[in-house]
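Colleague: Hi, could you walk me through this model? I'd like to go from the overall fold down to a few residues.

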Amino acid sequence: MVNSKFKLHKLIMLWGEIFFYSVALKLLSVAFHLQSFDIKSLLLTMIPILHKEYWFTSIYVVLFLLVPVLNSAIHKMTKEKMQICIFVLVFIFSIIPTLIRPFLAEVFFVNDGYSLDWFIILYFVGAYLRLYVDPEKSVKYYFNFYLLFTAITFTSKFLIELVNTYILKTDKSIWNLYQYNSLTVLLAAVFLFLAFTKLNIKENRFAEKVILLLSPCSLAVYLIHLNANWRTWLWDVVVNSSQYYDKVYFIPYIIGSVIAVFAVCCVIDLFRQYIFKIFDTKKFRDKCSSFQNKLFKMSIFAVKKVK
C-alpha cells in the first residue's frame, strides 16, 4: 500500500463486504433462532464500523483513509529518519509498555495493541520493510527467529504463573507477552513476514493458485468466525474443543477444527465474491474515480479559501 494510490472504489468494496456479513449473519441468526429480533440491533448491524462490531475492521477502515497522508510522510523521509521514527515509536508504544506492564496496567493509551496508534506504527514498520529491506538470509533463518520469539511469548505466561504461585503467592496474572504491542509479538511478526518474502511460490503453480484463490477470503474468515451472533454457537456448541482436552487427539482435533472453519468460511466468501463482481464493474470504478477527483479538488479549494 505504501507505493499505491488511494482508490475510493476499494474503500467502498471493503465497507460493502463488512456490511454484507454484518447484516446477513444477523438476519440468519434470527432465522435460525440463535438471536431474537429487535430493530435497534438490526440498525446497529448496518453501521458495523461505527459501533465497533469488529474492532479490527473499524480501525483498519480509518487506517485506510489515513494511508494517503501516511504515504506522503513516509516518502518525504530519508531512510535514516524513518529508522529513527520507527525506533522512537516502537520504544514508546511497545518496549516501555512491555517492560512496565507488571507495575502499570496501561500506558500511552495503546490499549495492548487494539488501537489506531499501534496500527499506524505497524504500517510504518511494514512500509520500511517494503521500501528498504531486501532479505538476504534463507527462509529457515528467518523462520527460526520467528519460532524463537513465538516460544518466548508462549512460555512467558507459564513462567509468570509459576512466579505468581510460588513467589508472589497470588492467582492474579500480572504480566505476560501476549499483548499485540508486545515486543516479542512484533519481532515474531516481522521475522515471519521476512520468511514469507523468501518463499518462491511461483515455482509451485498449484500452491500459487490456491494462495491467489484463498487470500482474498482472509477478511471474510475473520468476519464470519468472530461474528457476535454466531461465535458462541460455532465455538462452544459445534467445535466445543473443551470436551476433548483430556483426549490424546485434542491437539489434532483443534487443528482440524480450525482448518474446517477456515475452509467453510472461504467457500461462503467465494460465493459472496461472485455476487460482488456484478457490481464491481469498470463503470462503477470510473464513477468512483471521478467522484474522488472532485472531492480532492473541492478539498484543495476549501484549504485555499481558509488561507
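Colleague: Nice. What pattern does the protein chain follow, read along the sequence?

Modeller: Along the sequence the pattern is α-α-α-α-α-α-α-α-α-α-α-α. That comes to 12 helices and 0 strands, where helices (H or I, at least four residues) and strands (E, at least two) are DSSP runs, numbered from the N terminus. A word on conventions: this is a predicted model, where local features need pLDDT of at least 70 and side-chain atom pairs count only at pLDDT 80 or more, while totals for chains, interfaces and linings use all residues. Residues are numbered from 1 along each chain as its sequence is written, and side-chain values use heavy atoms, leaving out hydrogens and water.

Colleague: OK, and where is confidence lowest and highest?

Modeller: Helix H12 (residues 282–306) is lowest, with a mean of 80, and helix H9 (residues 218–225) is highest, at 95. The protein chain averages a pLDDT of 87, and 93% of the residues score at least 70. pLDDT is the predictor's confidence in each residue, from 0 to 100.

Colleague: Switching topic: is Ser94 buried or exposed?

Modeller: Ser94 is buried, because its relative accessibility is 0%; buried means under 20% relative accessible area, exposed over 50%, and partly exposed in between, with a 1.4 Å probe and protein chains only. Ser94 sits in helix H4 (residues 79–100). Across the protein chain, 31% of the 307 residues count as buried.

Colleague: What does Ser94 touch?

Modeller: Leaving aside residues up to four places away in sequence, Ser94 touches Leu89, Trp118, Asn181, Ser182, Leu183 and Leu186. A contact here is heavy atoms within 4.5 Å. Leu186 is 92 residues from Ser94 along the chain, yet their C-alpha atoms are separated by 8.4 Å.

Colleague: And which backbone oxygen lies 2.7 Å from a polar atom of the Ser94 side chain?

Modeller: The one of Asn181.

Colleague: Now the surface. Which residues make the nonpolar patch?

Modeller: Phe37, Ile39, Leu43, Leu44, Met46, Ile47 and Leu50 make it, at about 660 Å². Areas come from the Shrake-Rupley method with a 1.4 Å probe, and for residues only the protein chains shown count as cover.

Colleague: Where is Ile39 placed?

Modeller: In helix H2 (residues 39–45). Ile39 counts as exposed because its relative accessible area is 52%.

Terms used. Patch = residues over 30% accessible without salt bridge, like charges linked within 9 Å, V, L, I, M, F, W, Y side chains within 5 Å. Salt bridge = Lys/Arg side-chain N within 4 Å of Asp/Glu carboxyl O. Polar contact = N/O pair within 3.5 Å; in protein donor to acceptor, adjacent residues only side chain to side chain.
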